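I opened the model today to look up a few local features. My notes follow in the order I took them.

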Amino acid sequence: MRKLAITSLILILNLPLLFSGNLLHNNYLRKGMSLNGRWHYIVDMYETGYYNYRWQPHDGSENPGAGAFYLNMKPKDKMDLVEYDFDASPSMLVPGDWNSQEEKLFYYEGTLWYKKSFDVDDYDNSKRYYLHFGAVNYRADVYVNGKKLGTHKGGFTPFNFEMTHVLRAKDNFVVVRVDNKRAADEVPTLNTDWWNYGGITRDVTVYALSKTFIEDYSIQLDKENNKLLKGYIQLNGKENANAKVHVKIPELKINKGFTSNANGKVEVSIPVRKLDYWSDTNPKLYEVNIESDSDAITDKIGFRQISTQGSDILLNGDKVFLKGICIHEENVMRGGRAYSMEDAKILLGWAKELGCNFVRLAHYPHNENMVRLADELGLLVWEENPVYWTIQWDNTETYKKAETQLKELISRDKNRASVIIWSMANETPQSNARFEFLSKLAETTRRLDDTRLISAALEDHGKQENPNSMVVEDKFADVVDVLSFNQYYGWYGGDIENIKNIRWEIDMDKPIIISEFGAGALQGFHADSLTRWSEEFQDLLYRETLPTLAKIPQLSGITPWILADFRSPRRMLIPYQNGWNRKGLISETGNRKKAFFTLQKFYSELGESE
Ligand code: GCB
């Protein structure tokens, strides 16, 4: 009994250490102090900085000893024994993956420690300080001034920790242990068809906030009433109850006051008379100001409705066809994970050039610049949780990891008009456990956000008695709003010359998106169109597939695989792949392949017939 009480006490005391707390919203437009730039790093293959020689974590001990890297020690004099020194170690850029910055780390999967020293601009001890990470792949243990702030898992979603209690005006140091080892029970799991870039891959920022601040908000057009803005505002701090909050939208002459409830929450409901609705052809964003007594933030929000009716997708009540493309978060020209607005401009610029009004951000949450820019460009967006291939469906811990990442994504992007679809998963093998897992994810998503559509990339297959008849037999198709599936007829099976004869037998009255099709081609390799890896083969596959797909009565969109070649450890054929998945329409040198122009033409002709 006594032991139990002590353990629970330790657990209670440790609580702030274990959880990253609520996510700060709208960091992008808040003024913060950036910690981007060069950070010193130490490669730690044997986890020497984390575990002592009895394999006990240093940060679980009261007397961690000089071996604990998070203490940021170094030999004090010529006799002192400390076996690391961040300041004498090399440095690399944050944000940025380590694989593309240091040749020796190209294939590295393991632990690497980062350290950055910093002073706080205009330090004010009446403020609350937060340390925010756009993403770290995969596990991050974060320490400031030798104290642990917490741990976060999940390589593509933001997290933050309050650090008021450990921060000072000058000579602070933040140490982050980053571990990108893949594991069977994580999300994603051991097997993916993309590069496992490690590191602090997105921005790191310090925010100085008032004692009670605006932590979160959602302001969206009601899904049924297009003359009503609805949502909530959440205040964080001791004085969050009964506080006055204003929502202002100057262009609409809206200035509405609210009072928060006992939990610091405000339910927002604002009738509007006239609105310029956000759409792919009119990406109108309104400046929205949210002001409390002690805090104020500004966002740019578009208002639109997205729904389905039978087999149609409706945007503001009008049928829309999704001319899309799949994208991985990679800047192939630089080599490495994409993270910046410049990277987003390249990727989404290419999508616009293709004639797209839709992008599928595969297979994990991309950086926030992508959706911010999509909002401005009028690109509709599919966002995806990294539940990819063979996850441990029976493992409740794995479920929690998947759900946490999905919640973090929804929390981050719930005010982005461009985002219309939350995808639960990609190409997952069927079983009851998987059905339960995905259905629970879908339920959670609907609870958190009922203004968007739910989908998942499922799979089709040919019927045994007639291989020209393709079907999707998957119980999860009943759960989703939009039936999406990947199909690779002509590449992974089926004869490219027979594509014209295949038909999909799907009698569901739901919109259909073909979430992938494609073929590999090495840009610059020309041969007859029946030679695999040639640009001509890829082009033929597009020429045959596009008109065949167009015959599916419920077809509401396509996102061919994929915008650009991307690095994959699974693609080693020399001389064609050389570590790259070659299904891109653009090569890693930025050159367009033949099929790029075929798809571009298809989209432009679709535009004319609309
Ligand atoms: C798929 C996967 C995608 C792969 C692609 C391929 O079905 O969803 O992640 O990269 O096929 O190229 O095989």
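I take helices (H or I, at least four residues) and strands (E, at least two) as DSSP runs, numbered from the N terminus. Residues count from 1 along each chain as its sequence is written, and side-chain values use heavy atoms, with hydrogens and water left out. The model is predicted: local features need pLDDT of at least 70, side-chain atom pairs count only at pLDDT 80 or more, and totals for chains, interfaces and linings use all residues.

**Cis peptides.** I looked up proline 188 and found it in the loop between strand E9 (172-179) and strand E10 (204-209). A cis peptide bond joins valine 187 to proline 188, with omega about 0°. I noted another cis bond between isoleucine 574 and proline 575, with omega about 10°. Proline 575 sits in the loop between strand E32 (566-567) and strand E33 (580-581).

**Positive phi.** Aspartate 122 is not a glycine, yet its phi is near 45°. I find aspartate 122 in the loop between strand E4 (111-118) and strand E5 (128-133). Its relative accessible area is 72%, so it is exposed (over 50%; buried is under 20%, partly exposed in between, 1.4 Å probe, protein chains only). Lysine 253 also has a positive phi, about 55°. Its loop runs between strand E13 (244-249) and strand E14 (254-259). Lysine 253 counts as exposed at 77% relative accessibility.

**Ligand.** Which residues are closest to the ligand? They are Asp193, His363, Glu427, Tyr492 and Lys583, out of 14 that surround it (a heavy atom within 4 Å). I then checked polar contacts (N or O pairs within 3.5 Å). An N or O atom in the side chain of aspartate 193 is 2.5 Å from a ligand oxygen. For histidine 363, a polar side-chain atom is 2.6 Å from a ligand oxygen. For tyrosine 492 the value is 2.4 Å, again to an oxygen atom of the ligand. The protein covers 98% of the 310 Å² of accessible area that the ligand has on its own (Shrake-Rupley method, 1.4 Å probe).

**Helix H5.** I checked the length of H5 (residues 432-448). Its 17 residues should span 24 Å at 1.5 Å a residue, and the end C-alpha atoms are 24 Å apart, so the two agree (expected span is 1.5 Å times one less than the number of residues). Buried residues of H5 include Phe435, Leu438 and Leu441. Among the elements covering the buried residues are helix H4 (396-413), strand E24 (419-426) and strand E25 (453-459) (contact is heavy atoms within 4.5 Å).

Notes. A polar contact is a pair of N or O atoms within 3.5 Å; within protein, one must be able to donate a hydrogen and the other to accept it, and residues adjacent in sequence count only if both atoms are side-chain atoms.
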